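Subject: A structure for you to look at

Hi there,

Here is the structure I promised to pass on. Have a look at it first, and then read my notes below.

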Amino acid sequence: MYGARMTNRSYRSVRSTLLIVVAVLATNAVAYSAEFLSVRDAYKAAETKSLLLVDVRRPDEWKQSGVPASAALNSMHERGFLERLDTLTGGRKDAKIALICATGGRTTWLSNELEKRGYTNLVNVREGMFGSDAGPGWLAAKLPIRAYQK
């Protein structure tokens, strides 16, 4: 079985599948244009009000770790996320918005989704609160946090 040769038909099927996967990945890579920012740079920019830092995690996560002291809280997991974001930005889709989550995964996805909805000045804080391949994260950098209060 392992030494059997691949038939023309199975080769074409595998080839087609690979081409589709490559096309999807290439499309996603091209579509994403949000800037990346380190946690330290995001902190400095939020403190000087040159951007709006938004923590998009769930309330139970905010409670567990605390939240960046300079961040607005807007859970992407709760109904009304876009309406709350519009309130935070005054309805400006060109407002500079930095998104932070736990490790950068959700903000990468969310940045793409917000771009599709017309937001044009997004920043992804890919390190997140706990760190990722992009860096150590907000907590390890010992940047200011505050306790979450409902």
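Helices and strands here are DSSP runs, numbered from the N terminus (H or I over at least four residues for helices, E over at least two for strands).

Before going on, note that this is a predicted model: local features need pLDDT of at least 70, side-chain atom pairs count only at pLDDT 80 or more, and totals for chains, interfaces and linings use all residues. Residues are numbered from 1 along each chain as its sequence is written, and side-chain values use heavy atoms, leaving out hydrogens and water.

The open sheet has 5 strands in the order S1-S6-S5-S2-S4, with parallel pairing (two strands pair if DSSP finds at least two bridges between them). S1 (35-36) and S4 (72-73) have a single partner strand each, so one side of each has no neighbour in the sheet.

Now for a helix. Which residues of helix H2 (residues 39-47) are buried? They are Val-39, Ala-42, Ala-45 and Ala-46, where buried means under 20% relative accessible area with a 1.4 Å probe, protein chains only. These residues lie on the same side of H2 because they cover an arc of only 130° around the axis, taken from the directions from the helix axis to the C-beta atoms. The buried residues of H2 pack against S2, with contact meaning heavy atoms within 4.5 Å. Just after H2, Lys-49 has a positive phi of about 65°.

Enjoy exploring!

Definitions and conventions. Buried < 20%, exposed > 50% of the residue type's maximum accessible area, 1.4 Å probe, protein only.
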